[in-house]
Amino acid sequence: MTVAPLARTNVQLLNELIHAGAAEPVLLQVRRACDLAGDLYSGQFHADGKPFLCHSMAVASMAARLGLSTNVVVAAVVHNVYANADFGDGLRGAVTPSRRARLRELLGEDVEAIVLRFRDRRLRSMLLTIDPAQTTTLDIEHMSELDRELVLLDLADHFEKFADGSLAYYGDCRWITEFDEPRLAQLADLATKLGQTEFGAQFVAAARQQRVWMERVPASLRTAGGQRHTQLRMPGSCERKAALRRADWLRHQQNKWAGATRWLRRRVRLRTRLRQWLAFARG
């Protein structure tokens, strides 16, 4: 069973939504989310070498195909920003008032609340303590409608990594395959219970196809260094700017030392002149 290629760029995602009949206000909100993701993930690449934004757009593409609510589709574009995005504050995996304020300002309070809720309701943490051989897992029936949608969003996040065989290009993808593959029946069962039986079957088929890719792709094509997660690649122009900043800092330090040395020399000269004057006065 195959699935049509997922959107991998902002343009492809917007075109998909336009084709599906999305209203202009929805498209504008998705566009704002895409622009924000571009800012927060600029220079970041997945362990397969793809720009991280490709993953963000693909997850949102799958969320839209699953018929998730508008706010969840918008949130899908920035679904994991509180865990791995670069807000420029030097923090990683943090939720701060300034970060939340930025999302609220650009995407609205409802979308930001969904992104925060997604961070706290990840399938990995919920399923990790459950025996992979156990088919029935989460109590779907007693979940809120939003939490049910977030389970599907998380399944879309997992599915994206299998959809195009990208794991075969990871330096080390075991942290994904060792979790997902023993739980394929669980994950498919969750999709079925959420009314997405076809998606569950597509998930299993994509995971099995991934094994074929793992055998076909030469090991030499995998990202060097056993890369497991995202990697920041700084453009050359930014590296030069960093070098200039370091040079400016060094010049500033040199100027400080030069100023201190001049001050000290003046003090030494003054004391020398005082000694000379006293010696002359006594003589």
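## Nonpolar core

In this predicted model, the largest nonpolar core has 72 residues, a nonpolar core being a set of buried Ala, Val, Leu, Ile, Met, Phe, Trp, Tyr and Cys residues joined through side-chain atoms within 4.5 Å; buried means under 20% relative accessible area, exposed over 50%, and partly exposed in between, with a 1.4 Å probe and protein chains only. Helix α9 gives the most to this core, with eight residues, and the residues with the most contacts inside the core are Val 81 and Leu 155. Helices (H or I, at least four residues) and strands (E, at least two) are DSSP runs, numbered from the N terminus.

Once neighbours within four places in sequence are set aside, Val 81 is in contact with Leu 40, Tyr 41, Phe 87, Arg 99, Leu 103 and Val 115, where contact means heavy atoms within 4.5 Å.

## Basis of the model and overall make-up

This is a predicted model, in which local features need pLDDT of at least 70 and side-chain atom pairs count only at pLDDT 80 or more, whereas totals for chains, interfaces and linings use all residues. Residues are numbered from 1 along each chain as its sequence is written, and side-chain values use heavy atoms, with hydrogens and water left out.

The protein chain holds 13 helices and two strands, and of its 283 residues 41% are buried. Among contacts with a separation of 6 or more, 72% are accounted for by residues 24 or more positions apart.

## Largest pocket

The largest pocket contains about 420 Å³ of space. On a 1 Å grid over the protein atoms alone, a pocket is an open set of points where a 1.4 Å probe fits, with protein on both sides within 12 Å along at least five of seven lines, and lining residues have an atom within 4 Å of a point; grid points are joined across faces, edges and corners, and a volume is the space filled by probe spheres set on the points.

Its lining is made up of 20 residues, with Asn 80, Arg 122, Asp 157, Lys 161 and Trp 175 nearest the centre of the pocket. At least two lining residues come from each of α3 (52-65), α5 (81-84), α9 (145-163) and α10 (174-180). By class, the lining has five nonpolar, eight polar and seven charged residues, where Ala, Val, Leu, Ile, Met, Phe, Trp, Tyr, Cys and Pro count as nonpolar, Asp, Glu, Lys and Arg as charged, and the others, Gly among them, as polar.

## Helix α11

Helix α11 (residues 184-193) is mostly covered, with seven of its ten residues buried, namely Leu 184, Gln 186, Leu 187, Ala 188, Asp 189, Leu 190 and Ala 191. These buried residues pack against α8 (123-127), α9, α10 and α12 (197-216). Just after α11, Gly 195 takes a positive phi of about 80°.

## Two partly exposed residues

Pro 51 lies in the loop between β1 (44-45) and α3 and is partly exposed, with a relative accessible area of 37%. Residues up to four places away in sequence not being counted, Pro 51 touches Gln 44 and Phe 45, while its C-alpha atom is separated by 9.5 Å from that of Arg 8, 43 residues apart along the chain.

Ala 83, in helix α5, counts as partly exposed at 30% relative accessibility. With residues up to four places away in sequence again left out, Ala 83 touches Arg 92 and Gly 93.
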